[in-house]
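Please look at the structure below together with this briefing. The notes that follow are grouped by topic.

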Amino acid sequence: MSEMGRHLDTLVVSATTPDETASATLHGRTRVTVSLASGYYAYTTDDRLADKLAQLGRLLWVARMQEYYRFKSEQLGRQVRGEGAPRTPAQSERREARDNIVARGVSHDGAVGLAAVGLFTWTASVAPGTARRSSEEEFCSAAGQAAEQLIEDHLWNLALVWANGAR
Amino acid sequence: MADLVVDLHDLWFAEQSCTEMAQAHTQAASTVGGCDAADALDRPAGIGLGSSGFYSDWSYLRDQIVGMLTTNASSLDDSAAAMRICIDTFTSTDADVAQDFKERQAAIPYE
Amino acid sequence: MSDNYGDVRGEATTLVDRFAELETRHQAMLAFETAAEDGSLDDAHAWTNERRARELQVYSDQWYGEIRSWFEDIEELFDELADLPDPGTLLSTAQSLNPALSIMSGPSGHTDISGGTEYAPSASFDKLQSVPTYLADWNGIAADAFKSNFIPPLERVAHNEFEAIVSLRSPLLAAGEMWKQARKDVSDLIDETNSALDDYEGGKGAADAVLALSIIGAVVAVAAVPFTGGTSAALYWAIAGSAIGVTGAVVGYPAEPKKELDISGDTPADIAVSLRQAVADMKLQWIENEIFIRDKIRSLTDLISGYTAPSEDSPPLPRYPNVGAPTSGHTYSQATVHEFSLPRPALADTTPGNAQDDDHFGKPD
């Protein structure tokens, strides 16, 4: 395994919504934990929770990407900020296919559903009544499960798309 | 006779100086000749100019430099020897000159 | 950058394992997609996690060994790169010449312009300038010739000898710097290759920046180590004596076939291709650098032999005396030879029988 491989296995990156009501942390490659500001859960709604999760998904993946390039820069001793411009039409098509991968994840109890396109655009659904029915702890755990499933789904599809895009 | 002794003493200074310079050349030749970069330049045959790099050209130059140092050393050494011969030819035939020369050497040593 | 040079072979093996692992996964994904297209497997995008793991394992068990064999040449490639000359040994070998410089610094001392080191006057030469005075009253023919033809140029010749030793040391210093940078390049190449594989593995396009060979920086260092004093070339040969008609003859830079190595590719196998190409380019640069150094050495050998190229642009080959006769472009000058090796003085052949003759020492006035 490469240095980067080991780093991705163990890294911890976090993101918080701009209003500071919700945070998420990625542990290693796929495990995600979610937490809410003290007292927030008691007064919020299902729709607002869904909105927070969608924001967190996008912010968390941006943070993870930044960490990838930060570590790469450190490894190479030069500043690498991201991908270079595509050099061939095939490369452009492959990147486009990657950015259009639709990945999904659902919590074990079905209360939280997540979907992401290319991990850039996230949507979340929280089953009606969840905020009243589930505890804050149950909700956060469900959100983490859905996120983990989504990331695994994305990584598998990414491997398929990336390999086939090189054909 | 006094002048001859002074001249012999001067000749002796020249002899000593030439001997020292010959020794310097010989010592430098020995240092240069003892420097060998064969191990330092050794590497697999597929790297650079081959398994010994530029060693053959370098050692040729080294031997050339040793050669010129040695040539100059011999010229100086043999000239010093000639000066000793000259001193001997003047001192061996005249005991007084020999004695005066010895005293002057003791009075004004080479250093 | 990490310093991988200490364990190049181990790093290369790890690299080959990664190529094999990622290429196997790559091939598996192609196979799953193809099988879905021709209907022999259902859509791989929709498999459960358990199914994904199982199918990958089955594929890997069958093909990993063969796929690894596609990359095994990389281990051989790095096996060679693991044994580059040791910069430390080159440096210490070069420095072993320093005592010769101390001895040959002449009656006035010299500055070693390659490193700025000041060498104090050498005690062995401190009466050199007085020798003609000591011999003032000895006016035989050989003695006069010794006073007027041998001793006066000796200080200049000793200085040329000093500079020749500096020039013998310079190629070793240059090579030390060159291989130090080459080792860094090998280490960087491993890092860049791992980085390209990281990008493949993470589904990312290659970054724009490419690896700048540090050996190119070393080229400047090589040129700065003066065979003729680097920027002070004119000064160097001015010191070396007006009889030597060479001005900056050996200052220049080696050819640069490739400045940057680009390690990238759309698949692990493509990345391996770019790695092989990068190693070839890097090795070519090493050859260019060593040719550059070798030609400087040859120029000096020619010079000491009395042969000089007509201008600094002239090729140093064919040459005297290693390779037959000089080209017509080279000019021979015995005076140049004598700037390094003085002709043997007649005085040196004095015998007891002729010492007092007018041909030799004569009798003092």
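Helix H3 (residues 55-91) of chain B packs against helix H10 (268-304) of chain C at an angle of about 30°, with the two axes 9 Å apart. In this predicted model, local features need pLDDT of at least 70 and side-chain atom pairs count only at pLDDT 80 or more, while totals for chains, interfaces and linings use all residues. Residues are numbered from 1 along each chain as its sequence is written, with chains lettered from A and ligands numbered from 1 in the order in which they are written.

- Axes here are lines fitted to C-alpha atoms, for helices over the stretch in contact, and angles run from 0 to 180 degrees between N-to-C directions; helices (H or I, at least four residues) and strands (E, at least two) are DSSP runs numbered from the N terminus.
- H3(B) and H10(C) are therefore roughly parallel to each other, on a scale where angles under 35 degrees count as roughly parallel, over 145 as roughly antiparallel, 65 to 115 as roughly perpendicular and the rest as oblique.
- The crossing of H3(B) over H10(C) is left-handed, a term used if the near helix is turned anticlockwise from the far one by less than a right angle, with clockwise giving right-handed.
- On the side of H3(B), the residues that meet H10(C) are B:Asp57, B:Trp58, B:Tyr60, B:Leu61, B:Gln64 and B:Met68, and their counterparts in H10(C) are C:Arg294, C:Ile297, C:Arg298, C:Leu300, C:Thr301 and C:Ile304; two residues are in contact if their C-beta atoms, placed from the backbone, lie within 7 Å.
- The residues of this helix contact divide into 7 nonpolar, 2 polar and 3 charged, where Ala, Val, Leu, Ile, Met, Phe, Trp, Tyr, Cys and Pro count as nonpolar, Asp, Glu, Lys and Arg as charged, and the others, Gly among them, as polar.

- The contact takes 60 residues from chain C and 49 residues from chain B.
- Helices of chain C that each supply at least two residues to the side touching chain B include H4 (87-95), H5 (98-103), H6 (131-134) and H7 (141-201), while H10(C) gives the most, with 12 residues.
- By class, the side of chain C that touches chain B has 38 nonpolar, 11 polar and 11 charged residues.

**Chain C as a whole**

- Chain C has 11 helices and 6 strands, and buried residues make up 46% of its 365 residues; a residue is buried if 20 or more other C-beta atoms lie within 10 Å of its own, exposed if 12 or fewer, and partly exposed in between, with C-beta atoms placed from the backbone.
- Among contacts in chain C between residues at least 6 apart in sequence, 70% join residues at least 24 apart.

**The sheet S1-S2-S3 of chain A**

- In chain A, 3 strands form an open antiparallel sheet in the order S1-S2-S3, and strands count as paired if DSSP finds at least two bridges between them.
- The edge strands, each pairing on one side only, are S1 (12-16) and S3 (31-36) of chain A, and the twist averages 15° from one strand to the next.
- Strand S2 (residues 22-27) of chain A is joined to S3(A) by 6 bridges, and A:His27 stands opposite A:Arg31 in S3(A).
- Helix H3 (residues 46-76) of chain A packs on this sheet, touching S1, S2 and S3 of chain A, and its direction makes about 140° with that of S1(A).
- A:Glu20, in the loop between S1 and S2 of chain A, has a positive phi of about 60° although it is not a glycine, and A:Glu20 counts as exposed, with 9 C-beta neighbours inside 10 Å.

**The sheet S4-S5-S6 of chain A**

- A further 3 strands of chain A form an open antiparallel sheet in the order S4-S5-S6, with S4 (102-106) and S6 (121-126) as the edge strands.
- Strand S5 (residues 112-117) of chain A and S6(A) are joined by 6 bridges, and A:Gly113 stands opposite A:Ser125 in S6(A).
- H3(A) packs on this sheet, touching S5 and S6 of chain A, and helix H6 (residues 136-165) of chain A packs on the sheet by touching S4 and S5 of chain A.
- A:Leu119, in the loop between S5 and S6 of chain A, has a positive phi near 60° and is buried, with 23 other C-beta atoms within 10 Å.
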